Amino acid sequence: MSCILNIETSTDVCSVAISNDGECIFNKEDHSGPNHAVKLGVFVDEALSFIDNHAIPLDAVAVSCGPGSYTGLRIGASMAKGICYGRGVKLIGIPTLKLLAVPVLLQEKIKEEDAYLVPMLDARRMEVYAQVFSRSLKEVRTIQADDVTKDTYKEYLDQKPVYFFGNGAAKCMEVINHPNAQLIKNIEPLAKNMFPLAEKCIAEEKFEDVAYFVPFYLKDFVAKKPKKLL
């Protein structure tokens, strides 16, 4: 196990957490945002002071790599890269949509072993950015910008239960209107939930190049085909 500083800034929520030996030992969250430019530096200073005061060696920094808010991701990435350079530690990129699925699974909100998970990030009108996972977090469908209609996820809904969550999910439920469609409320991407994915990256030695790391902005869907994430 490792000590990881986790930074999440992909939505209006700003959060920082420290995980050590697979447990969250420090956590700060601000839900009044977007206040990343104001709050993130304060939270990170407190986190690094906590690590230093407890003489815990920092092994890596994990940061949300998107998709998400351009400004939020840029601020988070800049902070993470600065810490990695300053402390000589590894950088880990955590996809936002996969992160959204972590609390859903940890809180055992889904009982069916064969269910699909569809995390959603809100965009304007009836558009969301969404990905489809199996219950084991294997990618079933890559990230896409979906203009949601009753047929958008029909091929999955006709097969088995599908759980929708994230800040783009609630507005879609009336439109989807399928007996296999289930909504899980109040799921946000938070730093305290990043460590299972970050620990996996460390075990598999999947690290980002600090010099060239760039988050996966929502605007990238318009400019180019989505790159493969974790």
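Tutor: Start with Cys65. Its relative accessibility is 8%, so Cys65 counts as buried. Keep in mind that this is a predicted model. Now turn to Cys201. At 2% relative accessibility, Cys201 is buried as well.

The structure holds 0 disulfides. Cys65 is in none, and the nearest cysteine sulfur to it, that of Cys201, is 8.8 Å away. A disulfide needs the two sulfur atoms within 2.5 Å. The sulfur of Cys201 is therefore too far from that of Cys65 for a bond, at 8.8 Å.

Next, the charged pairs. Side chains of opposite charge can pair when their charged atoms come close. Here there are 10 salt bridges. Take three of them in turn.

One joins Glu46 and Lys28. Their closest N and O atoms are 3.4 Å apart. The cut-off for a salt bridge is 4 Å, so this pair qualifies. Look at where the partners sit. Glu46 belongs to helix H1, residues 36-53. Lys28 belongs to strand S3, residues 23-30. The pair therefore ties together parts that are 18 residues apart in sequence. Glu46 has 32% relative accessibility and is partly exposed. Lys28 is partly exposed too, at 32%.

Another salt bridge brings together the side chains of Lys171 and Asp122, at 2.4 Å from N to O. This pair links distant parts of the chain, 49 residues apart. Lys171 lies in the loop between strand S9 (162-165) and helix H5 (173-176). Asp122 lies in strand S6, residues 116-122. Asp122 is partly exposed at 37%.

Then go to Glu204. Glu204 forms a salt bridge with Lys206, and their closest N and O atoms are 3.2 Å apart. Glu204 is partly exposed, with 37% relative accessibility. Lys206 is partly exposed as well, with a relative accessible area of 40%. Lys200, Glu204 and Lys206 are linked in a network of salt bridges.

Now put the two topics side by side. Cys65 is buried at 8%, and Cys201 is buried at 2%. By contrast, Glu204 is partly exposed, and so is Lys206.

Notes
Residues numbered from 1 in each chain as written. Predicted model: local features only at pLDDT ≥ 70, side-chain atom pairs only at ≥ 80, totals over all residues. Heavy atoms only, no water. Helix = DSSP H or I, 4+ residues; strand = E, 2+ residues; numbered from the N terminus. Buried < 20%, exposed > 50% of the residue type's maximum accessible area, 1.4 Å probe, protein only.
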